[in-house]
Amino acid sequence: MLCLDAEKRKKSKSKSVKEIEELEVVGESSGDIGGVEEPLINEGVHGSENYSVVAAILPFLFPALGGLLYGYDIGATSCATISLESATIGGISGYDLSSVEIGLITSGSLYGALTGSVLAFNVADFLGRRRELLAAALLYPVGALITALAPDFPIMVIGRFVFGIGIGLAMHAAPMYIAETAPSKIRGRLISLEEFFFVLGMIGGYGIGSLLVDTVAGWRYMYGASTPLAVIMGIGMWWLPASPRWLLLRAIQGKGNMQELRETAVGSLYRLRGPAIGASAPEQVDEILAELSYVGDEKEATLSEMFKGKCLKALTIGAGLLLFQQITGQPSVLYYAGSILQSAGFSAASDATRVSILLGLLKLIMTGVVVLVVDKLGRRPLLLGGVSGMVISLFLLGSYYLFLDDVPVVAVVALLLYVGCYQLSFGPIGWLMISEIFPLRLRGRGLSIAVLVNFGANALVTFAFSPLKALLGDAILFYIFGAIAVASLHFIFFVIPETKGLTLEEIEAKCL
């Protein structure tokens, strides 16, 4: 690829709205394959992104509540199943739940999330990021209340499924909305902070669950407790404006009046940046329009394009990261937490909830570290360093179960190292990268495929864990996870680009 010369870039930025509509596309579109030279938008060419901190935080806060509610559901469900299985405090009669039925309650939201990801593929670009988050904010309380008030087992599973659809929509739309509305300088910090909210939600779920686990029918209160937050999320998303980039995508693709959509995008940008943006909002909107034209976003994406050229590269990066996020053992290692800490003599290990809170606090601290440094260090160093630590921890865990079982401190150190390094790398950076890497015109569909891969891989690893453990044994299983983590290091080193400090349009032009 060759960069445009400075004079040509300057001319393109000064075009009027009418000229932008007629702008001739230079180079290949996001799905084309071939040797056509494509203009590259140089870092630093875009206008100043002045912003008010308060104004920039609110467009992050309300979408991030979707991740917090997802985390809360995981934490609360781990305690709710304990309550449901108890004949004395379950508060129900006639359920007599089997292990399979408990499994359906536990995984019901996961299957709903998979369905939500499929729905997002078809409707995300039509609805837009804001309305998709509004739909999630509606499904969250409906699912929570159906579950909490369920008179029998089938209704409970339906409630879990409905809540899960909300999870799928929220985890698809929230990273997009935050990425498209955040200033480039703090985009990484804000999207990583969404993972912080997710972990905070898990800890909140464990905490509320531990308080209610001995209450008769406590599981009903655990699930119902998420409703107020979902209502706050819905009110916040109703108040927030639509993503300016989504509005401009509609304009450039002829799905509305160009002038009206441009003016709406300018107004949206004023609200998102606050008074600090001054009079530069129209200029920034015109810059984005010109850049979208250059990278070919005026053409509507087709399904076949998802697997060609730059689209395929973005899909490989996004889906690959979320796949490795799951198949390097993240759902499985935590399964061993209680037994590992018990073997080391920790009295709290006898209480699964306290163990979960302990690990949740570690995850929270490490995610906080990422929030502070991701826009300074970049994405690649955190991924490479964190995954290297995961490799070491997985081989240590395999060695512990093979021939170091008389040195439990090895397992404790390996467990804590794994959890900490995961939160430095795959945990927040995976979601950050998928929100940045897809070209705008296929961001909705691309992200839905990546999220679908994430939830699908999670379900597969969770399902296959027990049979593989019985077939191969603990040590071999951890060695396999370690080998997969080594492969993921190779993938990160050779495939994952650095996106620190670039606008979303620059990422499309420079990294794909």
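**Salt bridges and their helices**

Tutor: Arg160 is buried, and Asp73 is buried too. Buried means under 20% relative accessible area, exposed means over 50%, and partly exposed lies in between (1.4 Å probe, protein chains only). The model is predicted, so local features need pLDDT of at least 70 and side-chain atom pairs count only at pLDDT 80 or more, while totals for chains, interfaces and linings use all residues. Residues are numbered from 1 along each chain as its sequence is written, and side-chain values use heavy atoms, with hydrogens and water left out.

Now the pair itself. Arg160 forms a salt bridge with Asp73, and their closest N and O atoms are 2.6 Å apart. Arg160 sits in helix H6 (residues 153–181) and Asp73 in helix H3, so this pair ties together parts 87 residues apart in sequence. A salt bridge here is a side-chain nitrogen of Lys or Arg within 4 Å of a carboxyl oxygen of Asp or Glu. Helices are DSSP runs (H or I, at least four residues), numbered from the N terminus.

By that rule the model has 10 salt bridges. Another one joins Glu180 to Arg443, with closest N and O atoms 2.8 Å apart. This pair links distant parts of the chain: Glu180 is in helix H6 and Arg443 is in helix H20, 263 residues apart. Glu180 and Arg443 are both buried.

Next comes Arg379. Its salt bridge with Asp375 has closest N and O atoms 3.2 Å apart. Arg379 and Asp375 are buried as well. Salt bridges with shared partners join Arg187, Asp375, Arg379 and Glu436 into one network.

Go back to H3, the helix that holds Asp73. H3 covers residues 53–85, and at 1.5 Å a residue its 33 residues should span 48 Å. The expected span is 1.5 Å times one less than the number of residues. The end C-alpha atoms of H3 are 47 Å apart, which agrees. H3 is not straight throughout: the helix bends by about 30° at Phe62, and Pro63, a proline, follows within four residues. The bend is the angle between axes fitted to the seven residues ending at a residue and the seven starting there. H3 is mostly covered, with 24 of its 33 residues buried.

Leu468, Leu471, Leu472, Ile476 and Ile480 make a nonpolar surface patch of about 420 Å². Helix H20 (443–472) and helix H21 (474–495) each give two or more residues to the patch. H20 gives the largest share, three residues. A patch takes residues with over 30% relative accessible area and no salt bridge; nonpolar side chains (Val, Leu, Ile, Met, Phe, Trp, Tyr) are joined within 5 Å, like charges within 9 Å. Areas come from the Shrake-Rupley method with a 1.4 Å probe, and for residues only the protein chains shown count as cover. Leu471 lies in H20. At 67% relative accessibility, Leu471 counts as exposed.

H18 gives a contrasting view. In H18, 12 of the 17 residues are buried, so the helix is largely enclosed by the rest of the structure. Among the buried ones are Val410, Leu415, Tyr418 and Cys421. Cys421 has a relative accessible area of 10%. Cys311 is also buried, at 0%. What is the count of disulfides? The count is zero, where a disulfide is a pair of cysteine sulfur atoms within 2.5 Å.
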